[in-house]
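User: Hi! I'd like to go through a model with you, piece by piece. Could you take my questions as they come?

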Amino acid sequence: MKISLISTIALLITGALTFVIAHGQEAENETDQVMIENVTLGGRGFLKRHTELDVTRKTDPFKRVPKDRHPYVSDYIYQPPLIPHKTRGYEISINANKCLSCHSFRKSVESGATKISVTHYATREGQVLSDVSPRRYFCMQCHVTQANTGLLIENDFKRVDSLR
Amino acid sequence: MKLVRIYWRKFSNPSKAASGVLLGLGFVGGILFWGAFNTGMEATNTEAFCSACHAPIVEEIRETVHYSNRSGVRAICSDCHVPHEWTDKIIRKVQASKELVAYAIGTINTLEKFHARRGYLANREWQRMKNNDSQECRNCHNFDFMDFSEQGRRSVAQHSTALASGEKTCVDCHKGIAHRLPDMRGVEGWE
């Protein structure tokens with residue numbers, strides 16, 4: 001009985017000791033890191049976030065895109081209209097363009113989707129082609145889906161009067 | 001004549017033990033055969049087996065909703081490409097024996113050959129699905145239990161009309177949902 005009591009106390013003491021030592025080391029490591037952080041290698045900023053060159057920033061979590069809603073009102077004249085629906089799995093490649101299945105001149109009448117602008121049929125020099133110009137083929141270079149994410153950077157942008 | 005009679009007796013009255021042994025052997029043999037047959041069938045339904053030839057396609061499914069999604073349910077090749085009903089399954093498996101020849105002569109054994117043949121392969125599968133009213137889709141996606149209030153406007157517009165009336169079947173619109181598409185020029189519904 002006595003022996004076991006003594007051994008328990010001994011165990012507790014050694015446990016507490018190791019804890020204290022380990023903690024002390026951790027604290028030392030922390031100061032080391034602070035020292036390193038003061039010497040920066042430079043970095044780059046994108047919107048609000050600044051990333052050091054030797055650091056790989058964690059990717060932002062994916063945003064939840066609304067499944068399907070009515071078209072958005074433009075924020076400025078000549079804004080590429082925003083996509084008001086999900087586009088996951090919509091292939092745009094040399095083989096297929098899913099967007100055109102609804103938005104092309106021919107299909108938009110039946111589908112009721114927004115018709116692509118006539119500018120998409122013109123070359124850079126303004127010559128009108130019989131089909132979508134290759135330079136306008138990759139829809140999502142300009143048109144993007146929307147998600148409610150809050151402001152990326154503080155700004156005081158206001159729509160022009162005619163779009164308000 | 002006597003000899004004939006003796007043999008006739010022998011064969012018409014086998015000993016009790018012998019018939020028991022025969023029955024038992026037949027029974028055990030039957031179980032073994034059926035088990036091996038089904039295991040063999042199942043083995044040809046695995047992703048590993050399919051990807052022996054169709055490796056690029058098995059890779060492509062990973063970014064689609066049938067591989068990765070919020071609830072963790074997933075479909076493997078055979079869920080969509082092999083009928084689940086036993087008779088239909090056997091028929092498809094027998095047809096597939098032709099594909100062993102393709103394997104032997106290396107019809108799609110390089111990426112270039114595969115891409116060149118993708119249109120043919122896709123068309124054949126679309127036709128198969130069209131002929132059986134997209135049965136493999138419907139094994140999981142049952143029209144009767146679709147809740148239109150949970151679907152997007154565009155989905156409802158198509159499902160409540162063309163699909164409901166049977167005028168169209170799943171694969172008519174849902175092409176390339178688990179793989180990348182072949183050249184879609186001339187395919188109905190595509191520009």
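**Chatting through the two chains**

Analyst: Happy to! Between the chains, 15 residues of chain B make contact with 13 residues of chain A. Keep in mind that this is a predicted model.

User: What classes of residue does chain B use on the side that touches chain A?

Analyst: That side of chain B has six nonpolar, four polar and five charged residues.

User: Thanks. Switching to chain B itself, how many helices and strands are there?

Analyst: Chain B has nine helices and zero strands. Written from the N terminus, the order of its elements is α-α-α-α-α-α-α-α-α.

User: And is chain B compact or spread out?

Analyst: Chain B is more spread out than a compact globule, because its radius of gyration is 25 Å, well over the 16 Å that the globule rule gives for 191 residues. Along the principal axes, the C-alpha trace of chain B spans about 90 × 45 × 35 Å.

User: What share of chain B is buried?

Analyst: Of the 191 residues in chain B, 9% are buried.

User: How about contacts in chain B, what fraction join residues at least 24 apart?

Analyst: That comes to 57% in chain B, counting contacts between residues at least 6 apart in sequence.

User: OK, over to chain A. What's the secondary structure there?

Analyst: Chain A has three helices and two strands. Along the sequence they follow the pattern α-β-β-α-α.

User: And what percentage of chain A is buried?

Analyst: Buried residues account for 6% of the 164 residues in chain A. As for contacts in chain A with a separation of 6 or more, 41% are between residues 24 or more positions apart.

User: I'm curious about Lys98(A). Where is Lys98(A) found?

Analyst: Lys98(A) is in a loop of chain A, the one between strand E2 (49-52) and helix H2 (100-103).

User: Why does Lys98(A) count as buried?

Analyst: Lys98(A) counts as buried because it has 21 C-beta neighbours inside 10 Å, and the cut-off for a buried residue is 20 or more.

User: Which residues does Lys98(A) touch, leaving out those up to four places away in sequence?

Analyst: With those left out, Lys98(A) touches Tyr90(A), Glu91(A) and Ile92(A).

User: One last thing: how many Å apart in space are Lys98(A) and Val118(A)?

Analyst: From C-alpha to C-alpha, Lys98(A) and Val118(A) are 19 Å apart, and in sequence they are 20 residues apart.

Technical notes
Residues numbered from 1 in each chain as written. Chains lettered and ligands numbered in written order. Predicted model: local features only at pLDDT ≥ 70, side-chain atom pairs only at ≥ 80, totals over all residues. Contact = placed C-beta atoms within 7 Å. Nonpolar A, V, L, I, M, F, W, Y, C, P; charged D, E, K, R; others polar. Helix = DSSP H or I, 4+ residues; strand = E, 2+ residues; numbered from the N terminus. Buried ≥ 20, exposed ≤ 12 C-beta atoms within 10 Å, placed from the backbone. Rg over C-alpha atoms; globule rule 2.2 N^0.38 Å.
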